[in-house]
Amino acid sequence: MAELITKKENGIGWVIFSNVPKLNAMTYDMWAAFPKALADFDADPDVRVIVTAGDGEKAYVSGADISQFEKNRGTADAQAVYNAATAEAYLAPGRCSKPVIAKIRGVCIGGGLGLAAMCDLRIAADDGVFRMPAARLGLGYGYDGLRRLVELMGQANTADIFFSARKFNSADALHMGFVNKVVPVAELDKAVADYCKMIAENAPLTVAAAKYTIANMSFQADKAVQDKVQAMVDTCFASADYKEGRTAFMEKRTPDFKGK
């Protein structure tokens, strides 16, 4: 059963993405539940830091559950509903006053990479496999998500992972600035626990003020640029290439894109 699992322990609120047979691919219901899970922990005075993680040993999140695309993203109306849910999910970590950390093991691809990017910090095991495959699916990637990746990795590295849609490992992710720390798999649990303990022992108001200030130092393009980006994203989702991309994925073949 695909679901979000939440638990609280030692001042840490855990949000665990659980869809193990599909490497924790995000269903629509999981996207929709994520903002509330974070908001609940943000409102809990006993929680000082929030950690997002994948269930099992193979993945953080492998992306969106593409088996739902035809139903949930196959038409303009369905796409709008789905996009609204994912947009709220991506914005949720930034809306928390408390630090949100991504604990990454194994696969962190597509929507998983996007979710991890929106967290405040990322600690990864050395078995990480990262990828942004949007260009292999023909889908558009929104302004906020790309802006965040540019903030973390710079323009050249963001261009690299989007243009090539290549896989990269934890060492690459650290070098590019996507993750803050890489540790051996056997040390990941302790590394995250120790770091969260440091945060939990600090003054919550100071941490919240720092988070708010850092977030509001981020650059922001004017509305005309954002509108242009959204128009280009909408064109991607309305294209024959987008249909070809998701069909090819389901059929496990190389897509044949035409640029229209």
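Helices α3 and α4 cross with right-handed geometry. This is a predicted model.

**Helix pair α3/α4**

- Helix α3 spans residues 76–95 and helix α4 spans residues 111–118; they pack at an angle of about 20°, with their axes 8 Å apart.
- Angles under 35 degrees count as roughly parallel, so α3 is roughly parallel to α4.
- On the α3 side, A89, Y90, P93 and G94 make the contact.
- On the α4 side, the contact residues are G111, G114, L115 and M118.
- Sorted by class, the contact of α3 with α4 has 5 nonpolar and 3 polar residues.

**Sheet**

- An open sheet is built from 6 strands. Their order is β1-β2-β3-β5-β7-β10.
- The pairing in this sheet is mixed.
- Strands β1 (3–9) and β10 (181–183) stand at the edges. Each has a single partner strand, so one side of each is left without a neighbour in the sheet.
- From one strand to the next, the twist averages 20°.

**Pairing of β3 with β5**

- Strand β3 covers residues 49–54, and strand β5 covers residues 100–104.
- The two strands run parallel and are joined by 4 bridges.
- Residue I50 stands opposite V100 in β5.

Key:
Residues numbered from 1 in each chain as written. Predicted model: local features only at pLDDT ≥ 70, side-chain atom pairs only at ≥ 80, totals over all residues. Heavy atoms only, no water. Pairing = 2+ DSSP bridges. Axes fitted to C-alpha atoms, helices over the stretch in contact; angles between N-to-C directions. Parallel < 35°, antiparallel > 145°, perpendicular 65-115°, else oblique. Left-handed = near helix turned anticlockwise from the far one by under 90°. Contact = heavy atoms within 4.5 Å. Nonpolar A, V, L, I, M, F, W, Y, C, P; charged D, E, K, R; others polar.
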